[in-house]
Amino acid sequence: MRSSLPLHLNPGHPVLRQEYAVFTPPVHAMAQTIGDWIDQRQPGGYIHGPSRFGKSRGVKWHLKSVLQDRFAKRIPLHIWSRPAESHVNEGEFWVSLGIAAGVRYAPTRATRGDRRRQLTEFLIASAAACGSNFAALLIDEAQAMTFREWNWLLGLQNAMDWEGYRLSVFSIASHQMDYTYELLGQSDHAHVAARFMVAHWPFPGIGSAEEVEFVLRGYDEASEWPAGSGTCYLAHFIPEAYARGARLTPCAGTLWRVLQALLPAHYKGDAEFPMQHIAWAVEEIMVCAARGDAWEDATGEARWIDALAQTQFTDHMRLISAAMSRKKSASSP
Amino acid sequence: MSTDPQALLGRHSKRSRVVWHPGSTPPYSSLWITVQRFLMLNQPTRCAFAQDFLVHPNANASISLDPHGPAGTLCPVRLRRFSRVLREPLETFRHACVGQFPRAVWPFFGDFAACPDCLREGFHSVLFSFDGLDRCPVHGALLSDRICCETLSNAMVLREKSTLFGTCRCGAVFLAFAAARSPKANPARDRALGEVANWLMHAGSRCWIGPPNPPDATVSLVRFTQRVARLKIALDLPDAIPRWAAVSDASLWDPSTVAVIACGSARMQGSDPDLQGTGLQWLDERHAHPYAWQQTVFGDFKAICRYLRHHTLGKGRRWIGRFARASDTVAIEGLLTAGGEEARRAWAVLIWWQTCIRDLRLENWLTSRAFRWGSVPGIPLLVDQRMRNKSGLASANAVQEWIARWVSAIGLVAFWRHAARQRTLPGDDRQRHLGRARPARLESGHQPGRAAGALRRAFRVCLLAGCCTAGQKRAASQEQRLRCAAS
């Protein structure tokens with residue numbers, strides 16, 4: 001919610017509601033990685049990366065369409081965002097999965113065996129509807145998965161395998177997932193780790209000025225609202241300036257310099273930045289320009305610094321740096 | 001949260017899907033097996049299923065698809081919604097329950113029956129309950145309601161049942177999940193059942209064909225089959241004798257031995273899916289008053305008969321009495337030869353009258369086989385709900401009765417036309433087939449209020465071929481003299 005918006009701005013615009021995701025090079029890379037795993041019929045795989053890098057948004061808004069373009073057909077990919085609370089029993093677990101997949105009778109009263117059968121049949125039906133014997137389950141926020149839940153999924157995968165269908169379980173998690181793999185491997189659940197976590201891929205942040213430029217071009221050109229209108233996001237906010245040639249893309253160098261400058265002292269990680277903070281900063285710049293600020297002023301270096309400072313960018317990078325140092329010390333002999 | 005592929009799965013609402021494999025329902029599948037497959041794959045509770053798909057979701061009675069149950073032949077499932085959710089065309093459920101067949105053939109459906117082999121393949125058809133089928137046309141197995149240790153019924157098995165459907169209490173699986181997912185296709189079975197289904201739909205969709213007494217539960221299928229075969233031959237319709245029928249003396253209905261009479265037929269309701277499901281209560285209630293149609297069609301019959309006697313025959317109607325008193329084929333041929341055109345026309349009227357009364361069993365049919373009305377897209381009903389009133393729906397019924405009278409009259413007149421064309425063919429077996437009738441009320445003026453009784457009496461007279469009154473004997477001897485003179 002923003003106060004005193006100009007009249008020409010539609011409050012339902014996805015940028016103002018923050019219900020959008022600009023396509024980024026890391027999202028493209030993630031989709032390609034998952035596509036490779038699907039090609040290889042990997043039983044599982046996990047993607048990990050610091051929070052706020054845009055993993056979930058990329059999955060929600062772009063993953064399916066990219067995979068569909070790549071395979072030239074629908075992919076039976078079911079996405080489950082694992083709730084924060086743990087599941088007390090297996091029945092709750094299947095209900096949660098079923099609701100996420102859209103199974104009509106998932107919440108109805110049934111035994112845990114029936115619920116697992118219900119989800120199995122649903123996955124089989126979705127695979128058959130796509131003309132294959134393959135279905136994929138993508139678990140977001142998988143860092144909260146418990147050992148028991150991994151075992152239940154293993155049972156589901158075995159049940160589908162018995163019916164002649166293949167289920168791949170891909171998981172997306174924050175950096176805590178790194179330790180889960182080792183923990184599973186060193187405990188009695190090595191078979192679970194071997195099934196679901198052998199294939200892995202670190203999700204990167206925005207790592208270069210070129211990638212920043214790619215992101216800003218998304219606002220300038222590769223976006224549209226309302227659908228079919230041909231109006232990109234930036235044109236909706238500043239129609240007159242946009243008509244005169246105002247674009248965000250030339251600001252990529254400035255933004256990249258500001259991002260690097262705002263890194264905390266003694267930052268230990270790579271120079272990869274969270275997409276969410278960049279998006280918030282861009283939104284702030286666009287709203288300021290829409291309110292009447294001159295385009296050159298609104299996109300000056302000082303304004304970018306202000307916009308990023310409001311998002312607590314430096315504090316967030318400090319947390320990432322601390323996590324990096326913990327991980328390095330844990331992995332060192 | 002979303003699911004892929006949304007568009008390809010059975011879709012219940014925007015955010016929820018059901019487990020189903022569109023296109024997996026074989027032709028002639030019963031609604032019972034489709035529902036059982038749905039219940040197996042989706043595991044809904046009774047309440048959830050009832051809320052989604054039943055016509056009366058709050059009914060506490062068990063959900064039964066039994067046509068002879070308390071609910072009758074009304075389908076308890078909202079088929080249109082069910083088919084939409086399953087992403088199956090509505091045509092898939094065309095032969096899914098007894099209620100979708102013409103009312104005339106309902107008495108020939110018995111209790112629940114299934115073929116264990118077909119059930120194992122995920123298939124069941126309501127046609128297995130048809131009295132004409134004792135064994136599965138594909139597997140040859142005896143059709144029975146007993147599968148393994150259990151006796152199945154038309155009731156839908158819901159989750160409140162202690163055992164899962166598809167598994168016998170002894171542990172044997174008679175319907176596996178794989179079969180429930182995608183039943184095995186069998187073109188031979190489809191052809192065999194298709195023949196039965198088409199015959200049933202066709203037999204019941206002709207307004208002139210129907211069991212002589214449908215309310216009678218002991219009506220004979222063999223007699224009905226013979227009757228349908230006979231009338232189909234008369235109407236020049238194909239497949240007069242179905243292959244499945246156990247008609248021992250099919251030659252009885254050989255076209256060369258019966259009078260071929262083209263009958264105007266009108267599809268009133270039944271096989272045409274467009275004519276079903278009007279949803280108009282006042283139309284369905286028309287079935288409850290079959291006698292209402294009796295007077296109507298009798299009136300038309302009498303009017304046509306009166307016209308033929310007075311305007312077509314004129315003075316030649318005296319030949320009717322002479323034909324009725326003729327004792328054998330030779331005598332009839334003599335009369336036809338001697339009487340010339342007048343006699344032949346009278347002979348045609350006699351053929352027409354006799355066929356209407358005896359072959360078509362007009363009086364029985366009229367009291368037992370009411371018209372059923374349906375709506376056809378594109379053709380207005382002529383009346384709408386606004387014309388309904390609390391005093392008996394007079395205006396609506398008047399229109400329907402008017403149409404019914406015209407349909408009946410057209411049929412009767414079409415009969416007459418063909419009889420008139422055939423009148424020049426004396427000496428064939430038609431005479432033996434027709435026998436000798438004495439149309440008592442054709443010779444003299446009829447009494448309108450007692451027409452049904454008069455016809456019934458006349459019909460009885462024609463059956464009593466050997467019983468002649470003294471007057472008849474006198475008339476016969478007079479005819480004999482006339483014939484000798486003519487020869």
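Where is Tyr28(B) found? Tyr28(B) is in the loop between E2 and H1 of chain B. The model is predicted.

Most residues other than glycine have a negative phi, and most peptide bonds are trans.

Tyr28(B) has 22 other C-beta atoms within 10 Å, so it is buried. Glu141(A) lies in the loop between strand E3 (134–140) and helix H6 (147–162) of chain A. Glu141(A) is partly exposed because it has 18 C-beta neighbours inside 10 Å.

Pro226(A) sits in the loop between helix H9 (209–220) and helix H10 (233–237) of chain A.

## Chain contact

Chain B puts 23 residues in contact with 28 residues of chain A. On the chain B side, strand E2 (17–18) and helix H1 (31–42) each supply at least two residues. That side divides into 10 nonpolar, eight polar and five charged residues.

## Helix packing in chain A

Helix H12 (residues 252–261) of chain A packs on helix H15 (residues 301–310) of chain A at an angle of about 50 degrees. Their axes are 10 Å apart. H12(A) and H15(A) are therefore oblique to each other. The crossing is right-handed.

H12(A) contributes Thr254(A), Leu255(A) and Val258(A) to the contact. H15(A) contributes Glu301(A), Trp304(A), Ile305(A) and Leu308(A). By class, this contact has five nonpolar, one polar and one charged residues.

Note on methods:
Residues numbered from 1 in each chain as written. Chains lettered and ligands numbered in written order. Predicted model: local features only at pLDDT ≥ 70, side-chain atom pairs only at ≥ 80, totals over all residues. Contact = placed C-beta atoms within 7 Å. Helix = DSSP H or I, 4+ residues; strand = E, 2+ residues; numbered from the N terminus. Nonpolar A, V, L, I, M, F, W, Y, C, P; charged D, E, K, R; others polar. Axes fitted to C-alpha atoms, helices over the stretch in contact; angles between N-to-C directions. Parallel < 35°, antiparallel > 145°, perpendicular 65-115°, else oblique. Left-handed = near helix turned anticlockwise from the far one by under 90°. Buried ≥ 20, exposed ≤ 12 C-beta atoms within 10 Å, placed from the backbone.
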